[in-house]
Amino acid sequence: MKKDIDKRKNNNKQKYSLAGLVLIFSMLATILTGVLSYFILRNSTKKNVLNAKQQLAVEIKEDIVHTIKQFPTYEWLITYWYQNKDTMEVEYYDSEVTLQKARDFAARTGLATDYVTMEDLAALSEEDCRLYAEIIYNQTLQLINLLKNNYQSAYLSITVASPDYSQQTFIISGASPGQNRGSGMDDAFVIGVIMDTTKEQKKGLQDAVAGKNSMIKYGHYLDAYGYVLDIMDGYHVVVDVVYDTSDLTRETDSQVLSDMFLFVLLQGSLALFLYILTYFQSVRPINRIQRDVNNYRKNKDSEKVLKSLGKIHLKNELGSLSENISEMIVSIDQYLEDIQTITSEKEKIAAELSVATQIQAEMLPSTFPAFPDRKEFDLYATMTPAKDVGGDFYDFFLVDDDHIGLVIADVSGKGIPAALFMVNSKTRIQNQAMLGKSPAEILNAVNEQICAINKSGFFVTVWIAIIDLTTGKGLAANAGHEHPVIRHKDGSYELVKYKHSLMVGALDSTQYTEHEFLLKPGDSIFVYTDGVPEATNTNKEQFSIGRMLNSLNSHSKDSLRELLPNVKKDIDDFAGDAVQFDDITMLGFDYYGPAGKEE
């Protein structure tokens with residue numbers, strides 16, 4: 001142990017300063033938090049900008065939809081524009097032409113274009129209807145041009161999506177000053193341009209028509225759709241607002257880097273301050289505590305060390321640590337004084353426990369042959385406690401000249417309390433048996449007696465049998481114990497299963513049952529506690545009933561004095577280095593009949 005401690009101490013010799021570590025970690029933390037904060041702030045800023053653009057796109061869509069729906073004939077207008085997209089005379093730039101058309105329309109019809117109703121349209125000629133549609137188209141186009149330029153969107157248009165959303169037909173496209181009108185990708189589209197939709201655009205259109213958030217992003221474009229209405233049995237009219245976000249990253253990075261420079265400067269100053277504070281408030285006091293502890297370890301000079309530790313007056317954890325170490329040193333000194341007393345007391349307890357073990361062993365019948373003058377039977381029993389004293393017990397006694405009682409039991413728990421309960425249970429069972437009672441009557445009486453005084457909550461499993469030595473007839477009762485094993489003459493050991501009763505001491509109203517059995521000359525009984533099948537090896541495997549039967553049958557030709565030790569050896573070989581956690585108790589009984597073993 002001392003060599004291990006010295007080796008650890010050499011490996012742990014101080015190679016660095018705690019304050020230096022604080023400085024290093026503070027700087028590393030500054031760099032790390034700076035990098036993380038940069039990406040977080042960068043993403044947050046981008047997100048905020050995108051959210052602002054999304055909100056702006058919503059406002060643009062609402063403005064356009066509101067403007068269109070101010071016309072009482074807006075549904076007819078959009079349908080007309082779509083159906084006559086190839087024949088309408090549209091003036092994309094000359095507002096004077098549109099104004100002249102409006103004056104001509106008013107002169108010919110007596111109607112103001114802003115207030116034309118569906119009833120008015122029904123009374124107009126086809127030529128006047130076309131003129132009206134062209135006037136409103138150009139007015140709407142001028143509005144969209146204005147909105148596009150004011151809000152600086154890349155594209156702003158009204159389109160008609162096919163029922164399956166696979167194509168968009170552009171009706172109105174906003175243009176910036178000087179931008180070409182045509183069907184090229186950089187042009188402001190003329191009316192009637194048809195474009196196939198991408199997967200993302202199709203999803204955006206579907207979400208817009210369904211009333212969901214329709215913002216999609218592809219490449220460096222941000223695209224938002226706003227649903228207007230459906231025309232012609234399933235064609236969807238939408239407003240399409242597109243923003244170019246290619247400059248967003250550069251602008252965001254510039255702003256974030258500017259903010260991060262100040263952040264890193266402040267963090268570096270804080271790291272330096274922490275270094276100074278840590279040195280004076282932590283490192284120096286720790287060094288002093290370490291030196292004093294080493295002095296105590298080497299010299300055991302408590303008075304000198306306690307005086308030095310008393311000079312640390314910090315009102316923090318190190319001050320508390322200094323006080324705790326001082327108290328620990330006082331406790332160690334007291335412990336060293338007490339350890340001799342404790343050692344002597346422990347030796348005394350060990351001696352007393354050894355006596356308890358001897359007393360318990362003497363309480364169990366251990367002289368074999370137990371009844372050397374009886375030729376009708378032979379028996380043998382062993383008990384190996386898991387602790388110095390155990391809770392298992394066995395017993396056998398002649399009730400009269402013609403009847404013998406066999407008992408094996410297992411008290412819940414281990415150690416001295418279980419052993420005391422065992423003595424009480426064993427004595428009561430034998431006393432009731434000697435009154436000539438049957439096994440069930442014995443257990444009924446003992447259970448009632450134990451439940452009346454059982455304040456500790458212990459219980460005991462019991463197998464008890466009374467056997468008529470003249471006939472081999474027996475009565476047995478089982479109070480929650482393991483199933484017995486019987487081997488008939490020249491046969492194999494077999495488990496005898498039947499319904500158990502409740503453990504003794506568990507419930508005072510329990511009524512125990514018993515069953516008959518018959519032993520013929522040459523038959524054998526083997527009973528045991530759960531420590532036999534539940535013995536466990538280092539792989540957490542149990543010895544099991546199956547292995548127990550195999551062991552019994554492999555030694556079936558042995559005498560009882562050989563059989564039980566051989567089974568115990570098989571258990572030990574199986575368990576290997578695993579610690580025995582339960583008492584192991586076994587009892588064997590061979591029945592020869594009135595004629596004796598030789599016959």
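Is Cys129 buried or exposed? Cys129 is buried, because its relative accessible area is 11%; buried means under 20% relative accessible area, exposed over 50%, and partly exposed in between, with a 1.4 Å probe and protein chains only.

The model shown in these views is predicted: local features need pLDDT of at least 70, side-chain atom pairs count only at pLDDT 80 or more, and totals for chains, interfaces and linings use all residues. Residues are numbered from 1 along each chain as its sequence is written, and side-chain values use heavy atoms, with hydrogens and water left out.

**View 1. Strand E1 and its two partners.** Strand E1 spans residues 155-161, and six of its seven residues are buried. Helices (H or I, at least four residues) and strands (E, at least two) are DSSP runs, numbered from the N terminus. Two strands pair if DSSP finds at least two bridges between them. E1 pairs with strand E8 (residues 235-244) in the antiparallel sense over seven bridges. Five bridges join E1 to strand E2 (residues 167-173), and these two strands also run antiparallel.

View 2. Ile158 stands opposite Val239 in E8, and its bridge partner in E2 is Ile172. E1 and E2 form a hairpin with five residues between them. In the turn, Tyr165 has a positive phi of about 65 degrees.

**View 3. The buried side of helix H7.** Helix H7 covers residues 199-209, and its buried residues are Gln201, Gly204, Leu205, Asp207 and Ala208. They lie on the same side of H7 because they cover an arc of only 165 degrees around the axis, the arc being that of the directions from the helix axis to the C-beta atoms. An α-helix has 3.6 residues a turn, so residues three or four places apart point the same way. The buried residues of H7 pack against E1, E2, strand E5 (194-196), strand E6 (216-218), strand E7 (221-231) and E8; contact means heavy atoms within 4.5 Å. Just after H7, Gly211 takes a positive phi of about 85 degrees.

**View 4. Asp207 in helix H7.** Asp207 lies in H7 and counts as buried because its relative accessible area is 11%. Its side chain makes a polar contact with the side chain of Lys203 at 2.7 Å. A polar contact is a pair of N or O atoms within 3.5 Å; within protein, one must be able to donate a hydrogen and the other to accept it, and residues adjacent in sequence count only if both atoms are side-chain atoms. Not counting residues up to four places away in sequence, Asp207 touches Lys212, Asn213 and Ser214.
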